[in-house]
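Thanks for coming. I will go through one structure today, starting with a stretch that a database record marks out and then moving to a metal site and some local details.

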Amino acid sequence: MIRCDAHMHTRFSEDSDASVHSMLDAAIERGMEAVCITDHLDKDFPQTPDFPAGAFLFDLGNYFQRLTQLKEEYQKKLEVRIGVEIGLQPHLGEYYKELTEKYPFDFVIGSVHLIHGQDPYYRGFFEGRSDEEAYHEAFEVTIENLKKINSFDSLGHLDYVVRYGTHQAEEYSYRKYADEIDEILKHLISHGKGLEMNMAGMKYGLGFPNPHPDVIRRYRELGGEIVTIGADAHRPEHVAFDFDKAGEILISCGFSYYAEFKGRKPIFKRIVP
Ligand code: HSO
Ligand code: ZN
Ligand code: ZN
Ligand code: ZN
C-alpha cells in the first residue's frame, strides 16, 4: 500500500478552489499517513482562455505561515509536508534557484506545462501540429529545461502532453520517443533526480499514469532509484486517486520501494503489495 500522496493542489493554486482542510481530510479518509502539498508556481505563465497573463503565482510567505499552522493542527492524524510544483521554462533557472533556496520546502516537483510558451491543456497547442510532432516537441523542450534548471527533486508527469493529444496515446509509446525519453531519464539519473508517477493520467482516460509504465521501467533499467507518487488532485475526491493500483504498477516496473521527500531528501518506503 502507498501511504503518502506527494502531489496535490489547494486554493493557493490558480486552478483549484479546494480548501487545504478539505484536501487533508480526504487524505485521512483514504488512509494516507502523509501528504505533501505542492501548489502551482508557474512563473511567466501566458494569458489563456481561463486566466490572465501572470497567473499561477502566490505569496509563499503566507503559504508557509498557513501550512505550518495546519501541519501542527493535523500532527496526530496526518503528516503534512510543504512542497511546491514549479513550472519549468528554460529562462527561469536563476529565478527558481533563488526561490527554492529562500524557503524551507520538503519537496519540489519540476513540471513542464509550457511548450514554447503554450500549455497543451488548451486545444490551441494542437492546431497545426500532429500529436507526433507535439510529443517530440514536448520532450525536446523537457531536455532543454533540464539542462537549464536544477532546483527540483522529481520530474512531474513526464508525458503530460499525451493527456491532451487529439488521439491521446494512439501515437504514443516509449519506443517511438525512446531517443528523447532516454536522454531525459539519463539526465535525471546522473543528477540524482527522481521521476514522478502521476496518477492523474488514470483519470484522464489514458488508462496509465504519467509517465507510461514502460518509461518508469526504463528509468529503473538505466539505474534510476527515486520514484515519487502523487495523484495531482485539485479537488478532495481525487486525493490518492487509484492508489490501490499504484503499488502494483511500480512493482511491475521493477521497483520494491518508492520515495517520499522530506526536507528535500528522499526517504525510501517498501511497497507492501
Ligand atoms: N496546470 C494544470 C493544467 C492547466 N492549465 C489548467 C491551465 N489550467 C495541470 O495541473
Ligand atoms: Zn493544475
Ligand atoms: Zn503539473
Ligand atoms: Zn500538479
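Helices here are DSSP runs of H or I with at least four residues, strands are runs of E with at least two, and both are numbered from the N terminus. The model is predicted: local features need pLDDT of at least 70, side-chain atom pairs count only at pLDDT 80 or more, and totals for chains, interfaces and linings use all residues. Residues are numbered from 1 along each chain as its sequence is written, chains are lettered from A and ligands numbered from 1 in the order in which they are written, and side-chain values use heavy atoms, without hydrogens and water.

Residues 4–90 are 29% helix and 22% strand, and the C-alpha atoms at the ends of that span lie 31 Å apart. An unreviewed UniProt entry annotates residues 4–90 as "domain: Polymerase/histidinol phosphatase N-terminal". Such annotations may be inferred rather than shown by experiment.

Now the metal. The zinc ion (ligand 2) is 4.7 Å from the zinc ion (ligand 4).

His 9 sits in the loop between β1 (4–5) and α1 (20–29), and Glu 85 in strand β3 (residues 79–87), so this pair ties together parts 76 residues apart in sequence. His 9 and Glu 85 are both buried, meaning under 20% relative accessible area, where exposed is over 50% and partly exposed is in between (1.4 Å probe, protein chains only).

Next, two residues other than glycine with positive phi. For Gln 168 phi is near 40°; this residue is in the loop between α5 (160–164) and α6, and is partly exposed at 22% relative accessible area. For Arg 264 phi is near 65°; Arg 264 is in the loop between β8 (257–262) and β9 (265–270), and is partly exposed at 26%.

Last, where is Pro 211? Pro 211 lies in the loop between α7 (200–203) and α8 (213–221). The peptide bond joining Asn 210 and Pro 211 is cis, with omega about 0°.

Terms used. Donors = N, O, S within 2.8 Å, 3.2 Å for Na, K, Ca; no water.
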